[in-house]
Amino acid sequence: MVAILVGAALGFLSGLGVGGGSLLLLWLTVVMGQSQDIARAMNLLFFLPCAFVATAFRWKQARLPLPIALPAVLGGLLGAALGCLLGPQINAELLKKAFGVLFIITAIRELRWKP
């Protein structure tokens, strides 16, 4: 039951574009004790339906600027392919530390951000 509530909350945040998947990684590794490999795989599976639903709603609201989105999508596809190819060669401890630094930088940026 807790997993359903956490999934719903993180799906809600994903729909807002906040990055529920990043929080899912923390939940899976810190709270649930999953390995980084399993957490990343589960995060990818979690992301697919969330992205589909959020994209459909943004499309319906006419808030999806294709001239801006398409190059980002192509870049994302290229980056994902490279990540899949090179991922097994990257040290898991290094990846954990780099991800932690990214979280800290993002948190500082968000705390300092002014509309």
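Reader: In this predicted model, does Cys50 count as buried or exposed?

Author: The cut-off for a buried residue is a relative accessible area under 20%. Cys50 has a relative accessibility of 17%. Because this value falls under the cut-off, Cys50 counts as buried.

Reader: How many disulfides does a search of the whole structure find?

Author: A disulfide is a covalent bond between the sulfur atoms of two cysteines. Here a pair of sulfur atoms must lie within 2.5 Å to be counted. The cysteine sulfur closest to that of Cys50 belongs to Cys84 and is 19 Å away, which means that it is too far for a bond. Cys84 is likewise in no disulfide, and the number found in the whole structure is 0.

Reader: Is Cys84 buried or exposed?

Author: A residue is exposed when its relative accessible area is over 50%. The value for Cys84 is 59%, so this cysteine is exposed.

Reader: Which residues does Asn43 touch, not counting residues up to four places away in sequence?

Author: Asn43 is found in helix α3. Its relative accessibility is 15%, so Asn43 counts as buried. With residues up to four places away in sequence not counted, the contacts of Asn43 are Gly21, Leu24 and Leu25.

Reader: Where is Gln36 placed, and what distance separates its C-alpha atom from that of Phe12?

Author: Gln36 belongs to helix α3, which covers residues 36-60. Leaving aside residues up to four places away in sequence, Gln36 touches Thr29 and Lys96. Phe12 lies 24 residues from Gln36 along the chain, and the separation of their C-alpha atoms is 23 Å.

Note on methods: Residues numbered from 1 in each chain as written. Predicted model: local features only at pLDDT ≥ 70, side-chain atom pairs only at ≥ 80, totals over all residues. Heavy atoms only, no water. Helix = DSSP H or I, 4+ residues; strand = E, 2+ residues; numbered from the N terminus. Contact = heavy atoms within 4.5 Å. Buried < 20%, exposed > 50% of the residue type's maximum accessible area, 1.4 Å probe, protein only.
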